[in-house]
Amino acid sequence: MGSSPFDAWITGDDQVTDLLSQEWNRQTSTLQLIASENFASPAVMAATGSVLTNKYSEGYPGRRYYGGNQVVDQVEDLARRRLVALFGADHANVQPHSGANANVAVYQGLLEPGDTILAMRLDQGGHLTHGSPASITSKIWNFVSYGVTPRSDDPSVAGEVIDFDNVRALALHHRPKLIVAGATAYSRFIEPAPFREIADEVGALLMFDSAHVAGLIAGGSHPNPVPFADVVTFTTHKTLRGPRGGAILCREEHAKKIDMSVFPGMQGGPLENAIAAKAVAFREASHKSFSEYTERIVENAKGFAGALAAEGFRIVSGGTDNHMVILDLRDFDADLTGKVAQEVLDRAGITTNRNQIPDDPRSPFVTSGLRLGTPAETTAGMGVGEFSQVASLIARALRGRDEEAHVEGVRVDVNELCSRFNPYADFGK
Ligand SMILES: *Cc1c(COP(=O)(O)O)cnc(C)c1O
């Protein structure tokens, strides 16, 4: 097993060094197709592992509760300035430790417990923090859920897309205080304008959760919700390719409430090392090469969807506009569940996650679907040709899943493909 170029950073702890080497090996010798993952740049990782991890800085730049924040204030201000410029927003909060924290901070800052929120249902593509019974959000606020239109077998009619008639009818009936747009498993553009129209009609605020598509928005490959939404939340580690974390953009009128809700409302000291890494990622995302990257992400996803359809998979909604492809496995093989598919592909060195599809007859633990994404391997340099090859590797592994030697054969081909696309090949040389 090769040692990773990052090993030199850790000395004297053989157990952790060994585990990091194993993970480095896994990430670079198997295919990373989880739609919410990416390969952050060495610059992002260096900032994450910097001296800023040592500093306490509760509060905000210029208003801290601890001394010694002269430098940290500049770091956080730089991150906020870069973020506001990247998306064209009024105000940024870069402190949320994660996307889930960012969402809860918005609910807490703008609503009272018991208020009604209209959001997308989990099994239709929404996120846990959009009111899933398993999430604390559903215990504090009253969620009403919208979904997608029925499956369509007529190519001229879009099926499994956000049902705006349903959104509007529910909004008129329940009069929510907040409408949440955004999804975690949805492969079509999410247009912000119709959500704004409905929110205005019922006097609701609009939050756009752009966790998945933030990088595509920054690169110009997805409509920007900032001009339409009161608040935009996102994660920094998905298509945006930064460190793990969250952030919030909002209109000036909500800035104070949002900031107070993140700290002291929800979190203690911010992770300034992560905030420095966010600043690095925001700068990277402002470059022309990042726009070219996001265009390739989408082009690869479209090619991937076409190649998977040719292998006999049904693509939920008939295709993709973004970085993800959601497979309905039932047409490929009625007995194949998402759970089994994910496990077989893991053995073949292909990392994916099972996902419910709209109106899935199987439980969230079993599922009939698989969610695939192109951001990580696009960072590693793969193009449409490689993604078609990956589509046939997936189909081969699943067809021959009962024979270990067959799955092992796919794994050899996966390793060969990955050896030509190492995201950190030039690092440490
Ligand atoms: C990933 C995701 C989140 C949560 O992000 P974490 O950093 O995992 O907490 C929230 N909303 C949506 C739509 C997501 O896809």
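Started with the helix pair: the axes of helix 12 (residues 338-347) and helix 14 (residues 384-399) come within 9 Å and cross at roughly 110°. For my own record, axes are lines fitted to C-alpha atoms, over the stretch in contact for helices, with angles running from 0 to 180 degrees between N-to-C directions. Helices here are DSSP runs of H or I with at least four residues, numbered from the N terminus.

I noted that helix 12 and helix 14 are therefore roughly perpendicular to each other (65 to 115 degrees counts as that).

This is a predicted model, so I kept in mind that local features need pLDDT of at least 70 and side-chain atom pairs 80 or more, while totals for chains, interfaces and linings use all residues. Residues are numbered from 1 along each chain as its sequence is written, and side-chain values use heavy atoms, with hydrogens and water left out.

Next I looked up who touches whom: A341, V344 and L345 in helix 12 meet I394, A397 and L398 in helix 14 (contact means heavy atoms within 4.5 Å). I sorted the residues of this contact into six nonpolar, no polar and no charged (Ala, Val, Leu, Ile, Met, Phe, Trp, Tyr, Cys and Pro are nonpolar, Asp, Glu, Lys and Arg charged, the others, Gly among them, polar).

Then the ligand. I found 13 residues around it, the closest being G99, A100, T184, D209 and K238 (a heavy atom within 4 Å counts as near). By class, that shell holds three nonpolar, eight polar and two charged residues. Helix 4 (residues 99-110) gives the most to the shell, with three residues.

How values were computed. Helix = DSSP H or I, 4+ residues; strand = E, 2+ residues; numbered from the N terminus. Parallel < 35°, antiparallel > 145°, perpendicular 65-115°, else oblique.
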